[in-house]
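Below is a note for a colleague who is opening this structure for the first time. Please keep the sequence and the model side by side while going through the numbered points.

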Amino acid sequence: MKKIAALLICTVFLSACTDPELPEGAESQQPPALGTTSEVSEMTQQSADTTAAVHDGAYALLSQYLERKPETSVLKNCRMLGGGAYLLCFEQSDHSYEIEYTTLSHGKQIYTMSDGAAHSAADGFWVLSQASESTAAAMEWQDIRYQRLRVYQDSLSLEADVDVSPLGTIDAFAVDIDERDVYAARHTAEGLQIERLGFFADTPETVCVIGASGENAYLQTIRSMHMGDGLLLVVGEASENGETVPCFGSISLRRGTVWLHTRKNGGAFEAAPYDGGAYFYDAEHPTGIIYRIGDARESELTLGYAAESMQVFSAQSGAYFATCMKISETAAEITVYDSEGGRITKSISHESAPIAARSEIRMYFDEDARRLLYCVADNDWRELLY
(Lines give C-alpha, C1' and ligand atoms only; values in the text may rest on other atoms or scores of the structure.)
Protein backbone atom coordinates (compact mmCIF):
# COMPACT_ATOMS: atom_id res chain seq x y z
CA MET A 1 0.00 0.00 0.00
CA LYS A 2 1.30 3.47 -0.69
CA LYS A 3 0.07 6.99 -0.16
CA ILE A 4 -1.99 8.53 -2.95
CA ALA A 5 0.45 10.00 -5.48
CA ALA A 6 -0.08 12.54 -8.18
CA LEU A 7 0.50 10.23 -11.15
CA LEU A 8 -3.04 10.23 -12.50
CA ILE A 9 -4.72 12.31 -9.89
CA CYS A 10 -4.29 15.70 -8.28
CA THR A 11 -4.69 15.92 -4.51
CA VAL A 12 -5.74 19.27 -3.11
CA PHE A 13 -6.35 20.18 0.54
CA LEU A 14 -8.97 22.88 0.81
CA SER A 15 -10.28 25.09 3.55
CA ALA A 16 -12.86 26.82 1.39
CA CYS A 17 -15.60 25.46 3.60
CA THR A 18 -16.64 28.07 6.15
CA ASP A 19 -17.26 26.31 9.43
CA PRO A 20 -20.02 27.96 11.43
CA GLU A 21 -19.01 25.96 14.53
CA LEU A 22 -15.95 24.35 15.32
CA PRO A 23 -30.76 -10.58 15.67
CA GLU A 24 -31.86 -12.28 18.29
CA GLY A 25 -35.55 -13.30 18.72
CA ALA A 26 -36.46 -12.45 15.16
CA GLU A 27 -39.24 -15.03 14.96
CA SER A 28 -41.32 -13.30 17.61
CA GLN A 29 -40.91 -9.77 16.21
CA GLN A 30 -43.77 -8.15 14.32
CA PRO A 31 -42.42 -4.79 13.11
CA PRO A 32 -44.54 -1.90 11.84
CA ALA A 33 -45.23 -1.29 8.19
CA LEU A 34 -42.52 0.72 6.47
CA GLY A 35 -45.02 2.59 4.34
CA THR A 36 -47.20 4.07 7.11
CA THR A 37 -47.09 7.67 8.33
CA SER A 38 -47.05 7.00 12.07
CA GLU A 39 -45.48 9.61 14.36
CA VAL A 40 -42.52 8.92 16.67
CA SER A 41 -44.87 8.24 19.56
CA GLU A 42 -46.43 5.45 17.52
CA MET A 43 -43.20 3.78 16.42
CA THR A 44 -43.89 0.57 18.30
CA GLN A 45 -47.34 0.09 16.83
CA GLN A 46 -47.59 -3.21 14.94
CA SER A 47 -49.15 -3.81 11.54
CA ALA A 48 -50.25 -7.34 10.73
CA ASP A 49 -51.37 -6.28 7.25
CA THR A 50 -47.90 -5.63 5.87
CA THR A 51 -45.62 -7.73 8.10
CA ALA A 52 -45.63 -11.49 8.37
CA ALA A 53 -43.64 -14.31 9.93
CA VAL A 54 -42.74 -16.99 7.38
CA HIS A 55 -40.79 -20.25 7.59
CA ASP A 56 -39.90 -21.88 4.28
CA GLY A 57 -37.21 -24.50 4.82
CA ALA A 58 -33.48 -24.86 5.49
CA TYR A 59 -30.66 -23.96 3.06
CA ALA A 60 -26.94 -24.58 2.92
CA LEU A 61 -26.22 -21.45 0.85
CA LEU A 62 -27.90 -18.10 0.39
CA SER A 63 -27.71 -18.57 -3.38
CA GLN A 64 -29.96 -21.62 -3.01
CA TYR A 65 -32.54 -19.51 -1.23
CA LEU A 66 -32.36 -16.83 -3.93
CA GLU A 67 -33.00 -19.46 -6.62
CA ARG A 68 -36.42 -20.06 -5.06
CA LYS A 69 -37.48 -16.42 -5.37
CA PRO A 70 -39.79 -15.58 -8.30
CA GLU A 71 -38.23 -13.89 -11.34
CA THR A 72 -40.20 -10.74 -10.55
CA SER A 73 -38.25 -10.34 -7.26
CA VAL A 74 -34.87 -8.68 -7.93
CA LEU A 75 -32.36 -8.50 -5.08
CA LYS A 76 -31.35 -4.86 -4.58
CA ASN A 77 -29.50 -5.03 -1.28
CA CYS A 78 -28.08 -7.68 1.02
CA ARG A 79 -26.75 -7.12 4.52
CA MET A 80 -24.78 -10.02 6.01
CA LEU A 81 -25.66 -10.29 9.70
CA GLY A 82 -23.45 -13.29 10.53
CA GLY A 83 -24.32 -16.78 11.68
CA GLY A 84 -26.31 -17.51 8.54
CA ALA A 85 -28.65 -14.52 8.97
CA TYR A 86 -29.29 -11.89 6.28
CA LEU A 87 -31.25 -8.72 5.67
CA LEU A 88 -32.54 -8.80 2.08
CA CYS A 89 -34.30 -6.17 0.00
CA PHE A 90 -36.14 -7.21 -3.19
CA GLU A 91 -37.67 -4.93 -5.80
CA GLN A 92 -41.01 -6.24 -7.08
CA SER A 93 -42.52 -5.88 -10.55
CA ASP A 94 -44.74 -3.00 -9.32
CA HIS A 95 -41.59 -1.17 -8.03
CA SER A 96 -42.48 -1.77 -4.40
CA TYR A 97 -39.89 -3.37 -2.11
CA GLU A 98 -40.00 -6.45 0.07
CA ILE A 99 -37.59 -6.26 3.01
CA GLU A 100 -36.99 -9.44 4.95
CA TYR A 101 -34.97 -10.99 7.73
CA THR A 102 -33.79 -14.42 6.53
CA THR A 103 -31.76 -17.26 8.02
CA LEU A 104 -30.30 -20.29 6.26
CA SER A 105 -31.80 -22.57 8.90
CA HIS A 106 -35.39 -21.36 8.43
CA GLY A 107 -35.48 -19.27 5.27
CA LYS A 108 -37.59 -16.11 5.37
CA GLN A 109 -38.74 -15.43 8.92
CA ILE A 110 -40.14 -11.90 8.97
CA TYR A 111 -40.74 -9.37 6.20
CA THR A 112 -42.47 -6.13 5.40
CA MET A 113 -43.26 -4.03 2.34
CA SER A 114 -42.03 -0.52 1.51
CA ASP A 115 -42.30 2.00 -1.30
CA GLY A 116 -38.54 2.65 -0.98
CA ALA A 117 -35.42 0.49 -1.06
CA ALA A 118 -33.50 -0.44 2.10
CA HIS A 119 -30.11 1.26 2.59
CA SER A 120 -28.04 -0.76 5.04
CA ALA A 121 -25.54 0.54 7.59
CA ALA A 122 -23.54 -0.79 10.53
CA ASP A 123 -26.33 -0.31 13.05
CA GLY A 124 -29.41 -1.06 10.95
CA PHE A 125 -30.98 0.20 7.75
CA TRP A 126 -33.12 3.07 6.52
CA VAL A 127 -35.79 3.72 3.92
CA LEU A 128 -37.34 6.88 2.51
CA SER A 129 -41.11 7.15 2.14
CA GLN A 130 -42.47 9.28 -0.68
CA ALA A 131 -44.72 12.26 0.00
CA SER A 132 -48.29 12.19 -1.26
CA GLU A 133 -49.35 14.59 -4.01
CA SER A 134 -51.38 16.58 -1.50
CA THR A 135 -48.38 17.12 0.80
CA ALA A 136 -47.06 20.67 0.43
CA ALA A 137 -43.77 20.37 2.32
CA ALA A 138 -41.34 17.64 1.25
CA MET A 139 -37.69 16.84 0.65
CA GLU A 140 -36.99 16.62 -3.09
CA TRP A 141 -34.05 14.45 -4.12
CA GLN A 142 -33.35 13.06 -7.60
CA ASP A 143 -36.72 14.40 -8.80
CA ILE A 144 -38.67 12.45 -6.16
CA ARG A 145 -40.49 14.05 -3.21
CA TYR A 146 -40.04 12.40 0.20
CA GLN A 147 -41.57 13.13 3.58
CA ARG A 148 -40.42 10.44 6.03
CA LEU A 149 -37.15 8.71 6.80
CA ARG A 150 -37.63 5.47 8.74
CA VAL A 151 -34.71 3.85 10.52
CA TYR A 152 -34.87 0.19 11.53
CA GLN A 153 -32.83 -2.37 13.38
CA ASP A 154 -31.70 -5.36 11.31
CA SER A 155 -34.52 -7.34 12.95
CA LEU A 156 -37.01 -4.88 11.34
CA SER A 157 -37.99 -3.11 14.58
CA LEU A 158 -38.48 0.63 14.04
CA GLU A 159 -35.92 2.93 15.69
CA ALA A 160 -36.90 6.38 14.40
CA ASP A 161 -39.46 8.06 12.17
CA VAL A 162 -38.01 11.33 10.88
CA ASP A 163 -39.71 14.20 9.07
CA VAL A 164 -37.21 15.16 6.32
CA SER A 165 -39.41 17.81 4.67
CA PRO A 166 -37.44 20.72 6.29
CA LEU A 167 -34.50 19.86 4.01
CA GLY A 168 -36.32 21.01 0.87
CA THR A 169 -34.64 20.44 -2.51
CA ILE A 170 -31.23 18.75 -2.14
CA ASP A 171 -28.44 17.31 -4.30
CA ALA A 172 -27.16 14.51 -2.04
CA PHE A 173 -28.28 12.67 1.08
CA ALA A 174 -26.68 10.50 3.78
CA VAL A 175 -27.78 9.04 7.12
CA ASP A 176 -25.70 8.51 10.26
CA ILE A 177 -27.71 5.94 12.21
CA ASP A 178 -25.25 5.81 15.13
CA GLU A 179 -25.27 9.58 15.76
CA ARG A 180 -28.94 9.93 14.71
CA ASP A 181 -28.30 12.61 12.10
CA VAL A 182 -29.21 13.20 8.47
CA TYR A 183 -26.86 15.08 6.12
CA ALA A 184 -27.83 16.86 2.93
CA ALA A 185 -26.04 18.97 0.29
CA ARG A 186 -27.70 21.82 -1.61
CA HIS A 187 -26.69 24.64 -3.93
CA THR A 188 -27.07 28.18 -2.57
CA ALA A 189 -26.04 31.64 -3.75
CA GLU A 190 -22.97 31.39 -1.47
CA GLY A 191 -21.90 27.96 -2.70
CA LEU A 192 -22.46 24.28 -1.91
CA GLN A 193 -24.06 24.07 1.54
CA ILE A 194 -23.84 21.00 3.80
CA GLU A 195 -26.64 20.68 6.36
CA ARG A 196 -27.29 18.38 9.31
CA LEU A 197 -30.77 17.47 10.59
CA GLY A 198 -31.10 15.53 13.84
CA PHE A 199 -33.60 12.67 13.89
CA PHE A 200 -35.74 14.55 16.40
CA ALA A 201 -34.98 18.13 15.28
CA ASP A 202 -37.37 20.47 13.51
CA THR A 203 -34.87 22.45 11.45
CA PRO A 204 -31.47 21.66 9.92
CA GLU A 205 -28.22 23.37 10.91
CA THR A 206 -25.41 24.36 8.54
CA VAL A 207 -22.20 22.33 8.80
CA CYS A 208 -20.31 24.40 6.23
CA VAL A 209 -20.60 26.29 2.95
CA ILE A 210 -18.14 25.43 0.18
CA GLY A 211 -17.40 28.33 -2.14
CA ALA A 212 -14.80 29.41 -4.68
CA SER A 213 -11.26 29.24 -3.28
CA GLY A 214 -8.99 31.39 -5.42
CA GLU A 215 -6.74 29.28 -7.61
CA ASN A 216 -7.43 26.08 -5.65
CA ALA A 217 -9.90 23.45 -6.77
CA TYR A 218 -13.20 23.53 -4.93
CA LEU A 219 -16.15 21.17 -4.73
CA GLN A 220 -18.91 22.25 -7.12
CA THR A 221 -21.34 19.31 -7.26
CA ILE A 222 -21.91 16.20 -5.12
CA ARG A 223 -23.35 13.18 -6.96
CA SER A 224 -23.19 10.74 -4.04
CA MET A 225 -22.42 11.03 -0.34
CA HIS A 226 -21.56 8.35 2.23
CA MET A 227 -20.82 8.31 5.94
CA GLY A 228 -17.22 7.83 7.04
CA ASP A 229 -15.55 8.04 10.44
CA GLY A 230 -16.22 11.70 11.26
CA LEU A 231 -16.33 12.43 7.54
CA LEU A 232 -18.71 12.76 4.65
CA LEU A 233 -17.20 10.82 1.73
CA VAL A 234 -18.25 12.39 -1.56
CA VAL A 235 -18.12 11.83 -5.31
CA GLY A 236 -18.83 14.68 -7.68
CA GLU A 237 -17.31 17.44 -9.78
CA ALA A 238 -14.89 20.21 -8.84
CA SER A 239 -13.91 23.50 -10.42
CA GLU A 240 -10.17 23.63 -11.09
CA ASN A 241 -8.54 26.48 -13.04
CA GLY A 242 -11.90 27.32 -14.59
CA GLU A 243 -12.50 23.74 -15.73
CA THR A 244 -15.03 21.25 -14.37
CA VAL A 245 -13.28 17.98 -13.48
CA PRO A 246 -14.40 14.74 -11.77
CA CYS A 247 -13.42 14.32 -8.14
CA PHE A 248 -13.83 12.37 -4.93
CA GLY A 249 -12.87 13.27 -1.41
CA SER A 250 -14.03 13.96 2.13
CA ILE A 251 -15.62 16.70 4.23
CA SER A 252 -14.72 16.89 7.91
CA LEU A 253 -17.86 17.03 10.04
CA ARG A 254 -15.91 18.64 12.89
CA ARG A 255 -13.93 21.33 11.06
CA GLY A 256 -15.84 21.64 7.78
CA THR A 257 -12.61 21.34 5.78
CA VAL A 258 -12.55 19.56 2.42
CA TRP A 259 -9.97 17.17 0.96
CA LEU A 260 -10.31 16.63 -2.79
CA HIS A 261 -8.79 14.33 -5.41
CA THR A 262 -9.36 15.49 -8.98
CA ARG A 263 -8.63 14.02 -12.39
CA LYS A 264 -7.88 16.38 -15.25
CA ASN A 265 -8.37 13.95 -18.13
CA GLY A 266 -12.05 13.24 -17.46
CA GLY A 267 -13.63 10.06 -16.17
CA ALA A 268 -16.41 9.18 -13.77
CA PHE A 269 -15.51 8.34 -10.20
CA GLU A 270 -17.71 5.91 -8.28
CA ALA A 271 -17.66 4.77 -4.64
CA ALA A 272 -17.86 1.30 -3.13
CA PRO A 273 -18.74 2.26 0.47
CA TYR A 274 -18.29 0.16 3.59
CA ASP A 275 -18.93 0.78 7.29
CA GLY A 276 -16.74 3.80 8.03
CA GLY A 277 -15.05 4.29 4.65
CA ALA A 278 -15.09 3.67 0.91
CA TYR A 279 -13.08 2.54 -2.10
CA PHE A 280 -13.08 4.95 -5.06
CA TYR A 281 -12.53 4.03 -8.70
CA ASP A 282 -12.84 5.47 -12.20
CA ALA A 283 -15.66 3.60 -13.95
CA GLU A 284 -14.67 4.94 -17.39
CA HIS A 285 -10.86 4.69 -17.54
CA PRO A 286 -8.94 1.38 -17.07
CA THR A 287 -6.18 2.77 -14.86
CA GLY A 288 -5.52 -0.31 -12.72
CA ILE A 289 -5.55 1.92 -9.63
CA ILE A 290 -8.20 2.42 -6.95
CA TYR A 291 -8.22 4.53 -3.80
CA ARG A 292 -9.30 3.86 -0.23
CA ILE A 293 -10.36 6.30 2.48
CA GLY A 294 -10.78 4.66 5.90
CA ASP A 295 -9.07 3.90 9.19
CA ALA A 296 -7.99 7.56 9.44
CA ARG A 297 -5.82 7.30 6.31
CA GLU A 298 -5.95 7.49 2.54
CA SER A 299 -4.18 4.99 0.29
CA GLU A 300 -3.65 4.03 -3.33
CA LEU A 301 -3.89 0.40 -4.46
CA THR A 302 -2.56 -1.05 -7.72
CA LEU A 303 -4.46 -4.02 -9.17
CA GLY A 304 -3.32 -6.89 -11.37
CA TYR A 305 -4.97 -5.66 -14.58
CA ALA A 306 -5.88 -2.15 -15.72
CA ALA A 307 -9.52 -3.01 -16.51
CA GLU A 308 -10.12 -4.37 -12.99
CA SER A 309 -10.26 -0.85 -11.58
CA MET A 310 -13.47 -0.04 -13.49
CA GLN A 311 -15.78 -1.99 -11.17
CA VAL A 312 -15.23 -2.54 -7.46
CA PHE A 313 -17.38 -4.07 -4.67
CA SER A 314 -16.51 -3.77 -0.98
CA ALA A 315 -17.09 -6.03 2.00
CA GLN A 316 -19.09 -4.43 4.83
CA SER A 317 -16.00 -4.15 7.04
CA GLY A 318 -13.79 -2.81 4.25
CA ALA A 319 -11.31 -5.63 4.89
CA TYR A 320 -11.88 -7.06 1.38
CA PHE A 321 -12.96 -5.88 -2.03
CA ALA A 322 -13.74 -7.62 -5.31
CA THR A 323 -13.29 -6.61 -8.93
CA CYS A 324 -15.25 -7.84 -11.95
CA MET A 325 -13.76 -7.79 -15.44
CA LYS A 326 -15.67 -9.03 -18.52
CA ILE A 327 -13.41 -11.25 -20.64
CA SER A 328 -15.96 -12.56 -23.18
CA GLU A 329 -19.65 -12.30 -23.95
CA THR A 330 -20.47 -14.97 -21.36
CA ALA A 331 -17.46 -14.99 -19.01
CA ALA A 332 -16.18 -12.66 -16.32
CA GLU A 333 -13.05 -12.71 -14.19
CA ILE A 334 -13.74 -12.08 -10.51
CA THR A 335 -10.85 -11.29 -8.17
CA VAL A 336 -10.92 -10.83 -4.39
CA TYR A 337 -8.32 -8.60 -2.69
CA ASP A 338 -7.59 -7.65 0.90
CA SER A 339 -7.59 -4.00 1.98
CA GLU A 340 -3.85 -3.75 1.33
CA GLY A 341 -4.32 -4.70 -2.33
CA GLY A 342 -3.07 -8.26 -1.88
CA ARG A 343 -4.83 -10.75 -4.17
CA ILE A 344 -6.61 -13.54 -2.30
CA THR A 345 -8.31 -15.48 -5.09
CA LYS A 346 -9.26 -15.23 -8.75
CA SER A 347 -12.01 -17.10 -10.58
CA ILE A 348 -13.55 -17.19 -14.06
CA SER A 349 -17.35 -17.28 -14.02
CA HIS A 350 -18.83 -18.93 -17.12
CA GLU A 351 -22.43 -17.86 -17.65
CA SER A 352 -25.29 -19.42 -19.61
CA ALA A 353 -26.46 -15.94 -20.65
CA PRO A 354 -24.62 -12.79 -21.77
CA ILE A 355 -22.89 -10.75 -19.06
CA ALA A 356 -25.20 -8.02 -17.79
CA ALA A 357 -24.56 -4.31 -18.04
CA ARG A 358 -22.13 -3.15 -15.38
CA SER A 359 -24.90 -1.33 -13.49
CA GLU A 360 -26.75 -4.66 -13.09
CA ILE A 361 -23.80 -6.70 -11.77
CA ARG A 362 -24.08 -7.23 -8.01
CA MET A 363 -21.71 -8.67 -5.39
CA TYR A 364 -21.97 -9.06 -1.60
CA PHE A 365 -19.40 -10.42 0.84
CA ASP A 366 -20.40 -12.91 3.52
CA GLU A 367 -17.33 -12.38 5.71
CA ASP A 368 -18.57 -14.82 8.35
CA ALA A 369 -18.69 -17.69 5.83
CA ARG A 370 -15.78 -16.33 3.68
CA ARG A 371 -17.98 -16.40 0.57
CA LEU A 372 -18.63 -13.86 -2.16
CA LEU A 373 -22.24 -13.87 -3.36
CA TYR A 374 -22.37 -12.58 -6.93
CA CYS A 375 -24.63 -12.20 -9.95
CA VAL A 376 -23.20 -11.17 -13.33
CA ALA A 377 -25.88 -12.50 -15.72
CA ASP A 378 -29.61 -13.22 -15.85
CA ASN A 379 -30.29 -12.96 -12.08
CA ASP A 380 -28.22 -16.15 -11.62
CA TRP A 381 -26.76 -15.98 -8.11
CA ARG A 382 -23.59 -17.94 -7.35
CA GLU A 383 -21.02 -18.07 -4.56
CA LEU A 384 -17.24 -18.01 -4.53
CA LEU A 385 -15.05 -19.09 -1.60
CA TYR A 386 -12.18 -16.74 -0.79
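1. The strands involved, E23 and E24, pair in the antiparallel sense over six bridges. Please bear in mind throughout that the model is predicted.

2. E23 and E24 belong to an open sheet of four strands, which has the order E21-E22-E23-E24 and antiparallel pairing. Strand E21 (269-274) and E24 stand at the edges with a single partner strand each, so one side of each is left without a neighbour in the sheet. From one strand to the next, the twist averages 20 degrees.

3. Although Asp 295 is not a glycine, its phi is positive, at about 60 degrees. Is this residue buried or exposed? Asp 295 has a relative accessibility of 54%, and therefore counts as exposed, the cut-off for that class being over 50%.

4. A second open sheet, this one of three strands, has the order E29-E30-E31, again with antiparallel pairing. At its edges stand E29 and strand E31 (382-385), each with a single partner strand, so that one side of each has no neighbour in the sheet. Neighbouring strands of this sheet are turned against each other by 25 degrees on average, direction ignored. Four bridges join E30 to E31 in the antiparallel sense, and Tyr 374 has Arg 382 of E31 as its bridge partner.

5. In the loop between strand E29 (362-366) and strand E30 (371-375) lies Arg 370, another residue that is not a glycine and yet has a positive phi, here of about 55 degrees. With a relative accessibility of 32%, Arg 370 counts as partly exposed, because that class lies between the limits of 20% and 50%.

6. Strand E6 (residues 97-103) can be checked residue by residue. Seven of its seven residues are buried, so E6 is largely enclosed by the rest of the structure. Tyr 97, Ile 99, Tyr 101 and Thr 103 point one way from the strand, while Glu 98, Glu 100 and Thr 102 point the other way, and all are buried.

7. Which strands pair with E6? E5 and E6 pair in the antiparallel sense over seven bridges, and E6 and strand E7 (residues 107-114) likewise pair in the antiparallel sense over seven bridges. Thr 102 of E6 is the bridge partner of Tyr 86, and Thr 102 also has Lys 108 in E7 as a bridge partner. The hairpin formed by E5 and E6 has five residues between the strands, and His 95 in its turn has a positive phi of about 70 degrees. A hairpin of three residues joins E6 to E7.

8. The largest nonpolar core has 22 residues, and those with the most contacts inside it are Ile 194, Ile 210, Leu 219, Ile 222, Met 225, Leu 232 and Ile 251. Among the elements that give two or more residues to this core are strand E15 (191-198), strand E17 (218-227) and strand E19 (243-252). The largest share, four residues, comes from E17. Apart from this core lies another, of 20 residues, among them Met 139, Trp 141, Tyr 146 and Phe 173.

9. The largest cavity holds about 30 Å³ of space. Its lining includes Asn 77, Arg 79, Leu 88 and Phe 125, and strand E4 (74-82) and strand E5 (85-91) each supply at least two lining residues. By class, the lining of this cavity has six nonpolar, two polar and one charged residues.

10. The second largest pocket has about 270 Å³ of space. Of the 14 residues that line this pocket, the closest to its centre are Lys 69, Glu 71, Asp 378, Asn 379 and Asp 380. Helix H1 (62-67) and E4 are the elements that give two or more residues to the lining. By class, the lining of this pocket has six nonpolar, two polar and six charged residues.

Conventions
Residues are numbered from 1 along each chain as its sequence is written. This is a predicted model: local features need pLDDT of at least 70, side-chain atom pairs count only at pLDDT 80 or more; totals for chains, interfaces and linings use all residues. Side-chain values use heavy atoms; hydrogens and water are left out. Buried means under 20% relative accessible area, exposed over 50%, partly exposed in between (1.4 Å probe, protein chains only). On a 1 Å grid over the protein atoms alone, a cavity is a set of points where a 1.4 Å probe fits but cannot get out, and a pocket is an open set with protein on both sides within 12 Å along at least five of seven lines; lining residues have an atom within 4 Å of a point. Grid points are joined across faces, edges and corners, and a volume is the space filled by probe spheres set on the points. Ala, Val, Leu, Ile, Met, Phe, Trp, Tyr, Cys and Pro count as nonpolar, Asp, Glu, Lys and Arg as charged, and the others, Gly among them, as polar. A nonpolar core is a set of buried Ala, Val, Leu, Ile, Met, Phe, Trp, Tyr and Cys residues joined through side-chain atoms within 4.5 Å. Two strands pair if DSSP finds at least two bridges between them. Axes are lines fitted to C-alpha atoms, for helices over the stretch in contact, and angles run from 0 to 180 degrees between N-to-C directions.
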